[in-house]
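User: Hey, can you walk me through this one? I'd like to start with the surface and then look at the rings.
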Amino acid sequence: MANFKSLLLTLLVGLFFLIGIMIPKFMKKKKELTLFATGLSFAVMLGMILFDIIPEIGELLVYYPNAQKWGIICGCTALGMLLLKGLDYLIPHHHHNHHEKEKNRQEHNAHLFHIGLVTSISLMLHNLMEGISIYVTGVTNFKIGLTMALAVALHNIPLGMEIAVGLEANQNQNKLKWITITLLTLSSLIGSSMLFLFQINMSITVEACLLCTTFGMLIYITLLELLKEIYTYRRNQWTYIGLVVGVILNIIMVML
């Protein structure tokens with residue numbers, strides 16, 4: 001019974017992405033929402049990196065020799081960044097100039113779609129690991145697992161908003177958009193289901209390698225994609241409002 005309840009926790013976490021994805025559909029001021037969601041997502045993802053992923057990597061590799069530890073961290077982080085760089089050649093992506101001409105608006109929309117898609121792909125891998133962590137914690141202590149799931153769910157709302165704004169920017173990719181949203185929503189459940197159904201036990205080394213690869217992906221998105229958008233619209237108040245709300249959410253999640 002405890003196993004099944006812990007499995008449901010990971011489904012709950014994924015459903016919070018849908019809440020974030022649905023919010024933009026009820027907002028009329030799309031440009032302001034885009035800027036708010038970008039600032040919010042940047043702050044939340046940076047918080048995730050600093051307060052979630054880096055400490056978790058440290059815990060997993062605490063007993064490893066320094067040479068092996070830094071080899072895993074540097075190698076897998078670089079791999080994560082290179083994987084997303086490679087996706088630049090597979091995912092629709094254009095350099096964008098922020099003017100009012102139609103061509104430049106199309107290029108900007110293509111860039112937003114690109115950010116939404118690569119963010120979704122990296123978060124799928126992250127959520128697989130997170131689903132496993134929540135499931136294992138919930139089986140051991142359901143109350144702690146529930147608290148952990150709620151903290152992760154708070155992350156997922158603003159990330160869902162950012163992904164929705166990006167994926168909605170290109171109306172010619174509706175099929176790809178819904179496939180991506182479905183896989184992203186279920187990714188935490190898929191991770192926990194592997195343990196629930198097949199009783200798979202991953203080694204600490206494998207967990208650390210996957211987490212460091214995710215770390216590299218999130219660094220790539222945060223610093224090389226979202227930061228560009230924030231710098232471009234650094235004079236707009238909605239960018240700063242999103243950043244401030246993101247910082248407040250990070251503080252709340254650290255306190256949980």
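User: Which helix gives the most to the nonpolar patch?
Analyst: H2 does, with four residues. Helices here are DSSP runs of H or I with at least four residues, numbered from the N terminus. Keep in mind that this is a predicted model: local features need pLDDT of at least 70, side-chain atom pairs count only at pLDDT 80 or more, and totals for chains, interfaces and linings use all residues. Residues are numbered from 1 along each chain as its sequence is written, and side-chain values use heavy atoms, leaving out hydrogens and water.
User: Ok, and what about Leu50, where is it?
Analyst: Leu50 sits in helix H2. Its relative accessible area is 45%, so it counts as partly exposed (buried is under 20%, exposed over 50%, partly exposed in between, with a 1.4 Å probe and protein chains only).
User: Switching to rings: how is the aromatic pair of Phe36 and Trp238 arranged?
Analyst: There's one aromatic pair by the rule used (ring centres of Phe, Tyr or the six-membered ring of Trp within 6.5 Å; planes under 30 degrees apart are stacked, over 60 edge-to-face, the rest tilted). Phe36 and Trp238 are edge-to-face, 6.5 Å centre to centre with 80° between the planes. Phe36 is in helix H2 (residues 30–60) and Trp238 in helix H8 (residues 237–255), 202 residues apart.
User: Is Phe36 buried or exposed?
Analyst: Phe36 is buried, because its relative accessibility is 15%. Trp238 is partly exposed at 30%.

Methods. Helices (H or I, at least four residues) and strands (E, at least two) are DSSP runs, numbered from the N terminus.
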